[in-house]
Amino acid sequence: MKKRWLFMALLSTATLLTASDAGAKLSEEKCTSCHMTSSSSAKLKDGKMHAPPMWGVMKKVKNHFKTKEEGIAFITDYTMYPAEEKMIFPEATKEYFGLMPSMRETVTNEEMKLIAEYLYR
Ligand code: HEC
């Protein structure tokens, strides 16, 4: 029951905001604990990075894929089903940070669409 309420609350806030605002808010909530952004860098409480910064991730994605569609498809798939063989980052990235854990438990497919669109903007 509690979960359902939370879901409804999230849904209604998502519809009040524009898609891009919602994507910004979601990526802030779901990604920046590990992938710092210029606005989240102050939150690195332990002073350590837990993943490449989000601008670095997006630079890689944009260099690697020719189209926005491919880039978005990659971000979406990787976030839900990370795997070593899918990585664009070199092996050293995984050795340093470890492989990204799947976000399937914390991000819905709908949220993922908004996040990927926002990140790719
Ligand atoms: C618990 C920490 C953590 C969270 C939260 C997290 N990531 Fe990651 N992510 C990582 C790490 C570590 C890497 C580098 C290793 C790798 O690529 O798996 C990474 C790499 C990536 C990559 C590049 C994959 C590659 O190697 O080419 C993408 C894209 C990505 N993350 C997207 C996201 C998105 C979108 C979110 C939020 C929905 C997110 N991540 C949340 C830890 C995290």
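This is a predicted model: local features need pLDDT of at least 70, side-chain atom pairs count only at pLDDT 80 or more; totals for chains, interfaces and linings use all residues.

**Around helix 6**

Modeller: Let's start with helix 4 (residues 68-80) and helix 6 (residues 109-120), which pack at an angle of about 130° with their axes 9 Å apart. Here axes are lines fitted to C-alpha atoms, for helices over the stretch in contact, and angles run from 0 to 180 degrees between N-to-C directions. Helices are DSSP runs of H or I with at least four residues, strands are E runs of at least two, and both are numbered from the N terminus. The pair is therefore oblique; angles under 35 degrees count as roughly parallel, over 145 as roughly antiparallel, 65 to 115 as roughly perpendicular, and the rest as oblique. On the helix 4 side, the contact is made by K68, G71, I72, I75, T76, T79 and M80, and helix 6 brings M112, A116, E117, L119 and Y120. A contact means that two C-beta atoms, placed from the backbone, lie within 7 Å. By type, the residues of this contact divide into seven nonpolar, three polar and two charged.

Residues are numbered from 1 along each chain as its sequence is written.

Now zoom in on G71, which sits in helix 4. G71 counts as buried because it has 20 C-beta neighbours inside 10 Å; the cut-offs are 20 or more other C-beta atoms within 10 Å for buried, 12 or fewer for exposed, and in between for partly exposed, with C-beta atoms placed from the backbone. Leaving out residues up to four places away in sequence, G71 touches V61, K62, F65 and Y120. G71 and Y120 are 49 residues apart along the chain, yet their C-alpha atoms are separated by 7.7 Å.

Helix 6 has another partner: helix 2 packs with it at an angle of about 100°, axes 8 Å apart. That makes the two roughly perpendicular. In this contact A19, S20, A22, G23, A24, L26, S27 and K30 of helix 2 meet E111, L114, I115, E117, Y118 and L119 of helix 6. Those residues divide into eight nonpolar, three polar and three charged.

What about the core? The largest nonpolar core has 11 residues: A22, L26, V57, V61, I75, V107, M112, L114, I115, A116 and L119. Such a core is a set of buried Ala, Val, Leu, Ile, Met, Phe, Trp, Tyr and Cys residues joined through C-beta atoms within 7 Å. Helix 2 (19-30), helix 3 and helix 6 each give two or more residues to this core, and the largest share, five residues, comes from helix 6.

V57 is the helix 3 (residues 54-64) residue to look at next. V57 counts as buried, with 20 C-beta neighbours inside 10 Å, and it touches H35 and P52, not counting residues up to four places away in sequence. From V57 to I75 is 18 residues in sequence and 9.4 Å in space, C-alpha to C-alpha. M58, also in helix 3, is partly exposed, with 18 other C-beta atoms within 10 Å.

Definitions and conventions
Ala, Val, Leu, Ile, Met, Phe, Trp, Tyr, Cys and Pro count as nonpolar, Asp, Glu, Lys and Arg as charged, and the others, Gly among them, as polar.
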